[in-house]
Amino acid sequence: MAKKDAATLENQDQVPAVAEPAQEPPTVSTDNTSTPKNKVKAGGPPSGFYIYIGPNIAGLIRNGTIYRGDRAHALSEVQKAVEKYPLIKTLLIPGDSLPTMRLKIKTPGNAMHANYVKLAEQVKQDRAKKNENK
């Protein structure tokens, strides 16, 4: 193998260097007229689903329930629960914001946490009234 390497080195010395034609660098378009690839779909978030992150309410709605489509569709699915507990509407969030909203619900001092606590208290009071009437 050493002989082959030596032979190629000798041949390179004898071959005159050929100048390659100068190439212009590729041009980059600076206009922003192209459409973005990840544009928001009309009527909903890019993820296309909403999720309920409030407390479980027996017979009405469960925490973590996913509703495909836009917000209007998700609200129509939980209409019966929203009529009884309007705060459910505030705890139905877009799927894209799930990680941040889950943290907000656990952290006191913001609207999401306050709505969760209020709704949980309403459900607890309603359950207590129902048990008294039995």
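Reader: Why is Ala 114 called partly exposed?

Author: This is a predicted model, and in it Ala 114 has a relative accessible area of 32%. Buried means under 20% and exposed means over 50%, with partly exposed in between. A value of 32% falls in between, so Ala 114 is partly exposed. The residue sits in helix α5. The C-alpha atoms of Ala 114 and Lys 104 are 9.8 Å apart, and the two residues are 10 apart along the chain.

Reader: What makes Asn 115 buried or exposed?

Author: Asn 115 has a relative accessible area of 14%. The cut-off for buried is under 20%, so Asn 115 is buried. Asn 115 also belongs to helix α5. Beyond residues up to four places away in sequence, Asn 115 touches Leu 87, Thr 90 and Leu 91.

Reader: How do you know that the side chain of Asn 115 makes a polar contact with the side chain of Thr 90?

Author: The distance given for this pair is 3.2 Å. A polar contact needs a pair of N or O atoms within 3.5 Å, one able to donate a hydrogen and the other to accept it. The pair of Asn 115 and Thr 90 at 3.2 Å is therefore counted as a polar contact.

Reader: Which other residues of α5 are buried?

Author: Met 112, Asn 115, Leu 119 and Val 123 are buried in α5. The buried residues of this helix pack against β1, β3 and α4. An α-helix has 3.6 residues a turn, so residues three or four places apart point the same way.

Reader: What makes the length of α5 close to the expected one?

Author: Helix α5 has 23 residues and reaches 33 Å from its first C-alpha to its last. The expected span is 1.5 Å times one less than the number of residues, and for α5 that expectation is 33 Å. The span of α5 is therefore close to the expected one.

Reader: What caps the N-terminal end of α5?

Author: Asn 110 does: one of its side-chain oxygens lies 3.1 Å from the backbone nitrogen of Met 112.

Reader: Why does Ser 97 count as buried?

Author: Its relative accessibility is 17%. Buried means under 20%, so Ser 97 counts as buried. Ser 97 lies in the loop between β3 (92-94) and α4 (98-106). A polar atom of the Ser 97 side chain is 3.0 Å from the backbone oxygen of Pro 94.

Reader: Why is Pro 94 called partly exposed?

Author: Pro 94 has a relative accessible area of 26%. Pro 94 is in strand β3. Its C-alpha atom is separated by 9.9 Å from that of Ala 74, 20 residues away along the chain.

Reader: What makes Tyr 67 buried or exposed?

Author: Tyr 67 has a relative accessible area of 11%. With buried set at under 20%, Tyr 67 is therefore buried. Tyr 67 is placed in strand β2 (residues 66-68). Leaving aside neighbours within four places in sequence, its contacts include Phe 49, Tyr 50, Tyr 52 and Leu 92.

Reader: Which residues touch the most other members of the largest nonpolar core?

Author: Tyr 52, Ile 57, Ile 88 and Leu 119 do, in a core of 22 residues. Each of β1 (49-52), α3 (79-84), β3, α4 and α5 (111-133) supplies at least two residues of this core. Beyond neighbours within four places in sequence, Leu 119 is in contact with residues including Tyr 52, Ile 57 and Ile 88. In soluble globular proteins, nonpolar side chains tend to be buried together.

Reader: How many helices and strands does the chain have?

Author: The chain has 5 helices and 3 strands. From the N terminus, the elements run α-β-β-α-α-β-α-α. Buried residues account for 22% of the 134 residues.

Definitions and conventions:
Residues are numbered from 1 along each chain as its sequence is written. This is a predicted model: local features need pLDDT of at least 70, side-chain atom pairs count only at pLDDT 80 or more; totals for chains, interfaces and linings use all residues. Side-chain values use heavy atoms; hydrogens and water are left out. Helices (H or I, at least four residues) and strands (E, at least two) are DSSP runs, numbered from the N terminus. Buried means under 20% relative accessible area, exposed over 50%, partly exposed in between (1.4 Å probe, protein chains only). A nonpolar core is a set of buried Ala, Val, Leu, Ile, Met, Phe, Trp, Tyr and Cys residues joined through side-chain atoms within 4.5 Å. Contact means heavy atoms within 4.5 Å.
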